[in-house]
Amino acid sequence: MIIAILGGTGNIGKGFALRWGQKHEIIIGSRDLKKAEAVAAEYNEVLEKYGHKRCITGTDNRTAAEKAEIVVIAIRYNQLAPVMELIYPVIENKLIISVVVPMEKNMCYISPGSNYPRTLIESKEFNTQYFCFSIPEAGSAAQEIFTMIPESTELVAAFHSVPAKKLANLDMELDYDIGVCGNSMHSKEIVFDLVRNISNMRPLDIGPLETAGMVESLTPLLINVAARNEMKDVSLKFV
Ligand SMILES: NC(=O)c1ccc[n+]([C@@H]2O[C@H](COP(=O)([O-])OP(=O)(O)OC[C@H]3O[C@@H](n4cnc5c(N)ncnc54)[C@H](OP(=O)(O)O)[C@@H]3O)[C@@H](O)[C@H]2O)c1
């Protein structure tokens, strides 16, 4: 299959390119053609080192989407609108995969009348920062993306809980469960196979696109768990 990864020059895009590049043709999309070409060359070096064919090319986001059968949206939530507008004319009848998680860093508000001693509030130990799911009006990033694609285009949301660093490390077996949300069983099955293409990953059907918010909201939880418990790159496994 031909898979375009928009924002493929970034953290999570690298891992997808290196994992799927072992079985599929990958096109890295970027706002900057030269950057995409340079990054594609760098990823090809890694593939070659691991005994795989060089099968990654780089181009601008729109051309990447136009050339591909599957288009992965691997950019941040607040950057979605212009990119979706740019690719709208070239994604008829294609499958879009959203890995987008709308989240932000928050800090608890401590009211002036709280019982916490000031010395504690001002100490480094009093860490009130945390990540939270910033719920889009549509309910999830995926449902918002659904409003930005043509009727003939399929959309599946998946891979939200995969840590980028581990995905890009080809020495690592990833024994994770991947929640997959979407309205078309046919499209979900294509994504199930893409999940199975990555070492030990197991796809789990979560439900229609309306369930995407539940899955997206797990990522800030995982990051909080990692940050507060000296764990690195935490993911999910249902047992
Ligand atoms: N990082 C993770 O572990 C992880 C895991 C699961 C899901 N996700 C989701 O995957 C998405 C990408 O995350 P990431 O950490 O890979 O992001 P990132 O590295 O910060 O950015 C990805 C790419 O977005 C492009 N970009 C930057 N600013 C942009 C703008 N204003 N408009 C359009 N494109 C822009 C850049 O590519 P160019 O400069 O080449 O255009 C960049 O390489 C997010 O929605 C995130 O929630 C991330």
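Two strands count as paired here if DSSP finds at least two bridges between them. With that settled, on to the structure, which is a predicted model.

Take one pair to begin with. Strand S5, residues 95-98, and strand S8, residues 154-157, run parallel and share four bridges. Within that pair, Ile-96 faces Leu-155 of S8.

Now the whole sheet. S5 and S8 belong to an open sheet of eight strands with mixed pairing, and the order reads S3-S2-S1-S4-S5-S8-S9-S10. The edges are strand S3, 56-60, and strand S10, 202-207; each has a single partner strand, so one side of each has no neighbour in the sheet. From one strand to the next, the twist averages 25 degrees.

Next, the helices on the sheet. Helix H2, residues 33-49, lies across S3 and strand S2, which is 25-30, and runs at about 170 degrees to S3. Helix H8, residues 185-196, also packs on the sheet. H8 touches strand S1 (2-6), strand S4 (70-73), S5, S8, strand S9 (177-182) and S10. The direction of H8 makes about 150 degrees with that of S10.

Last, helix H10, residues 218-228. Which residues of H10 are buried? They are Thr-219, Pro-220, Leu-222, Asn-224 and Ala-226. What do the buried residues of H10 pack against? Their partners are strand S6 (103-107), strand S7 (129-133) and helix H9 (212-216). After H10 comes Glu-230, with a positive phi near 50 degrees.

That is what I have for today.

Methods: Residues numbered from 1 in each chain as written. Predicted model: local features only at pLDDT ≥ 70, side-chain atom pairs only at ≥ 80, totals over all residues. Heavy atoms only, no water. Helix = DSSP H or I, 4+ residues; strand = E, 2+ residues; numbered from the N terminus. Axes fitted to C-alpha atoms, helices over the stretch in contact; angles between N-to-C directions. Contact = heavy atoms within 4.5 Å. Buried < 20%, exposed > 50% of the residue type's maximum accessible area, 1.4 Å probe, protein only.
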